[in-house]
Amino acid sequence: MSSPDPQVRAARNLADPSPENKPENKSESKSESKSENKSQIRAEDKADDKTENKAVRSRSRSRGPVVAVTGAATGVGELLTARLAASEEIKQVIAIDERRGEVSEATWHVLDVRDPAIAEKLRGADVVVHLALDLDLETDPAARTAYNVRGTQTVLTAAAAVGVHRVVLCTSAMVYGALPDNDVPLAEDAELRATAEATGVGDLLEIERLGRRAPRAHPGLQVTVVRPTVLVGGTDTALTRYFESPRLLVVAGSRPTWQFCHVDDLVTALEYAALEKIDGEFAVGCDGWLEQAEVEELSGVRRMELPSAVALGAAARLHRIGLTPSPAGDLAYTMHPWVVSVSRLHDAGWRPSWTNEEVLAALLEEVEGRHTVAGRRLGRKDATAAGAAGATVALLGTAALVRRARKARRRF
């Protein structure tokens, strides 16, 4: 049935490609031309919208801060540099390291952070995230301290000299100290009671002291301090090596607790600090903690329990004669609690993407095939012997190792 409405019939005729329905007069041609023009205008409008959206994003990015990252070529520094370079909230990323890294979107400067020339490289930056630290277990302690402390001093002074208004320092929750009377969890503003007896902790305490002094010495400069818990993800520390042992050493009478931090979560926390969504001093890590019994159950690695005097004495002697890189002070962090609240980051809207259980699983996968006894990495031959004899023999045999080392020194 045909519609009595002439407008409906006209619409049908325009849609019908048959010869008899082709337009026969100028008014119909004009109508078709207008329709085509409208379609073209709509397409142009869409293109303009896309261009405008890109312009808005560009303007948004241009309003963000310029962030400089030291230690940008490796580890956490590389991950943070890549994340900031991809963020529309960041105007520019200045990357500084002793070699050029892989993040092509960043502006690279190759130099040692102890070089005063770094000041010119930081010019124009709003925020500096200082991650150029050496916490390698195998580094000579004196050289490590000289690099870490001098580098931090130079970065803080250079940043203040060129008008940077915030420096973000990354230390560790180890600065709280591992003590039997610690609260579980510690408050983020708890007193720092660590000593310099554990690997690198003396350097971290000095870095924090420099961070507290800097705003007084350089008015207008603000310092944010980020303290990750046991860091996992491409890291090699005394605490990650603990899980490379054939048995998990437990000192009799101690109450170990474990709180991990995956590097992915540290990077997002550092991004929060760089964007000034949080300031001051705060911890970063997984929510909650694991007791030693839970760690053993999840890992499937059995414990080896030793009296405190035996474990600490053995660790001290092994380190003193150079057989292990870890001083006895490292053992405290596997004996006593030092888990900490991460409430300040939570209040700022941040949430960890990893749980303690997930990070422990990732750590166990990462260290699979490695063998460590008393903090010392073993070769395949030594590892076979250690696996057969057990870590107890390795620890209780310390006296024999000490006597052998003394005899060797007397021969020279």
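Reader: Which residues are linked with Arg 227 in a network of salt bridges?

Author: Side chains of opposite charge can pair when their charged atoms come close. A salt bridge here is a side-chain nitrogen of Lys or Arg within 4 Å of a carboxyl oxygen of Asp or Glu, and the network consists of Glu 208, Arg 212, Arg 227 and Glu 281. This is a predicted model, in which local features need pLDDT of at least 70 and side-chain atom pairs count only at pLDDT 80 or more, while totals for chains, interfaces and linings use all residues. Residues are numbered from 1 along each chain as its sequence is written, and side-chain values use heavy atoms, with hydrogens and water left out.

Reader: Where in the chain do Glu 281 and Arg 227 lie?

Author: The closest N and O atoms of Glu 281 and Arg 227 are 3.2 Å apart. This pair links distant parts of the chain, with Glu 281 in strand 11 and Arg 227 in strand 6 (residues 222-228), 54 residues apart; helices (H or I, at least four residues) and strands (E, at least two) are DSSP runs, numbered from the N terminus.

Reader: Is Arg 227 buried or exposed?

Author: Buried means under 20% relative accessible area, exposed over 50%, and partly exposed in between, using a 1.4 Å probe and protein chains only. Arg 227, at 1%, is therefore buried, whereas Glu 281, at 34%, is partly exposed.

Reader: How many salt bridges does a search of the whole structure find?

Author: The search finds 15 salt bridges, and one of them joins Lys 277 to Glu 89, with 3.9 Å between the closest N and O atoms. Because Lys 277 lies in the loop between helix 8 (263-274) and strand 11 (281-284), and Glu 89 in the loop between helix 3 (75-86) and strand 2 (92-97), the pair ties together parts that are 188 residues apart in sequence. Lys 277 is partly exposed at 39%, and Glu 89 is partly exposed at 41%.

Reader: What separates Arg 209 and Glu 206 in helix 6?

Author: Arg 209 and Glu 206 are three residues apart in helix 6 (residues 201-217), and so are separated by about one helical turn; their side chains meet in a salt bridge of 2.4 Å, N to O.

Reader: Which residues does Ala 159 contact, leaving aside its neighbours within four places in sequence?

Author: Contact means heavy atoms within 4.5 Å, and, with those neighbours left aside, Ala 159 is in contact with Leu 122, Val 128, Val 164 and Val 167. Ala 159 is found in helix 5 (residues 141-161) and counts as buried because its relative accessibility is 0%.
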